[in-house]
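Below are some notes on the model, for reading alongside the coordinates.

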2 protein chains.
Amino acid sequence: MAELDSPAEAGLVAQWRDLLARHAAAACMLDRELGDRFGLGMSEFEVLERLVEGCDAGGGHALRVSELAPTVHLSQSALSRLIARLEKAGLVTRAMCEKDRRGIVLTLTEAGRERYEQARPLHREVLDLTLGDGLGKPCEAPSG
Amino acid sequence: MAELDSPAEAGLVAQWRDLLARHAAAACMLDRELGDRFGLGMSEFEVLERLVEGCDAGGGHALRVSELAPTVHLSQSALSRLIARLEKAGLVTRAMCEKDRRGIVLTLTEAGRERYEQARPLHREVLDLTLGDGLGKPCEAPSG
DNA sequence: GGACAGTACATGCGCATGCATTCAATGCAA
DNA sequence: TTGCATTGAATGCATGCGCATGTACTGTCC
């Protein structure tokens with residue numbers, strides 16, 4: 001009745017299901033833990049991390065939203081609102097870009113950097129639990 | 001100022017970012033394509049697939065929601081509503097479980113099986129584009 | 001039998017997301 | 001200069017999600 005997948009397709013499906021399981025386990029635990037203990041969502045942490053990297057690496061301490069966008073897997077609107085949340089929380093500053101006044105440059109505040117540094121160990125621990133082991137259990141709490 | 005990740009941590013982070021990118025690429029394209037052409041979300045397709053597998057394999061043509069739940073990475077409430085959508089679309093039937101009247105047994109309708117069979121090639125094609133190649137471009141449309 | 005903890009699913013609610021649209025600023029062409 | 005397509009970001013809206021809770025049923029212990 002139903003046609004079967006070719007071996008190649010079956011492999012892809014298996015790979016996809018594994019990816020889904022790992023992603024769900026890690027994302028669920030990250031959102032829960034980072035949210036509970038630091039008031040950050042997974043993507044919020046990701047954005048803070050990009051800003052920290054941008055500051056430390058580029059020398060320039062400000063990052064344009066349009067530069068940030070391709071590195072986080074969010075729609076433009078979702079990123080815009082996420083930044084608004086971070087700004088409201090006092091973790092980043094939004095300023096007009098002088099070179100191109102359509103653009104917005106983001107600056108990590110001291111509070112933003114501190115929050116990131118505090119949250120990072122937990123983030124790494126969750127990754128270790130969910131990706132390091134052979135697929136950690138669905139949604140278990142880390143030790144700390 | 002900022003402490004560095006250990007090599008092990010750096011590896012985990014790289015693995016996590018790769019996983020995020022693959023997941024985003026595949027999930028985005030699956031949702032868009034399956035949605036546009038078949039009115040199905042990624043998880044909806046996943047549930048239909050579990051039902052098809054349950055029918056073909058188990059011999060029993062009905063699956064309990066509680067059996068389905070652990071295989072899809074959704075909260076119980078999200079799954080409940082997803083099933084409601086599928087039922088509303090005429091793709092599955094909800095019936096009370098005779099053995100345990102708290103439970104709900106799901107049956108794939110003929111329309112549900114047809115929809116799945118029609119959508120499957122596109123699903124496989126998207127997986128091939130996004131996972132088969134070395135990380136396909138963010139959100140490109142497949143050929144068919 | 002009756003009380004009570006546990007399980008299976010549904011629902012109210014708030015929130016984050018994506019799409020479509022809008023607004024402002026830029027670049028280019030006539 | 002004016003006009004127009006393009007780009008960067010914000011916003012209205014609909015939708016799907018998770019959490020907390022509610023409802024119905026089961027099994028156990030007294």
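1. In chain A, three strands make up an open sheet, ordered β1-β3-β2, with antiparallel pairing. The model is a predicted one, and the points here should be read as such.

2. The edge positions in chain A belong to β1 (62-64) and β2 (92-96). Each of these has a single partner strand, so one side of each lacks a neighbour in the sheet. From one strand to the next, the twist averages 30°.

3. Strand β3 of chain A covers residues 104-108 and pairs with β2(A) in the antiparallel sense, over five bridges.

4. Turning to the two chains, the contact takes 23 residues from chain A and 23 residues from chain B. On the side of chain A that touches chain B, the elements giving two or more residues are α1 (7-38), α2 (42-58) and α5 (110-132) of chain A. Of the elements on that side, α1(A) gives the most, with 12 residues.

5. What is the make-up, by class, of the side of chain A that touches chain B? That side has 12 nonpolar residues, seven charged residues and four polar residues.

How values were computed
Residues numbered from 1 in each chain as written. Chains lettered and ligands numbered in written order. Predicted model: local features only at pLDDT ≥ 70, side-chain atom pairs only at ≥ 80, totals over all residues. Pairing = 2+ DSSP bridges. Helix = DSSP H or I, 4+ residues; strand = E, 2+ residues; numbered from the N terminus. Axes fitted to C-alpha atoms, helices over the stretch in contact; angles between N-to-C directions. Contact = placed C-beta atoms within 7 Å. Nonpolar A, V, L, I, M, F, W, Y, C, P; charged D, E, K, R; others polar.
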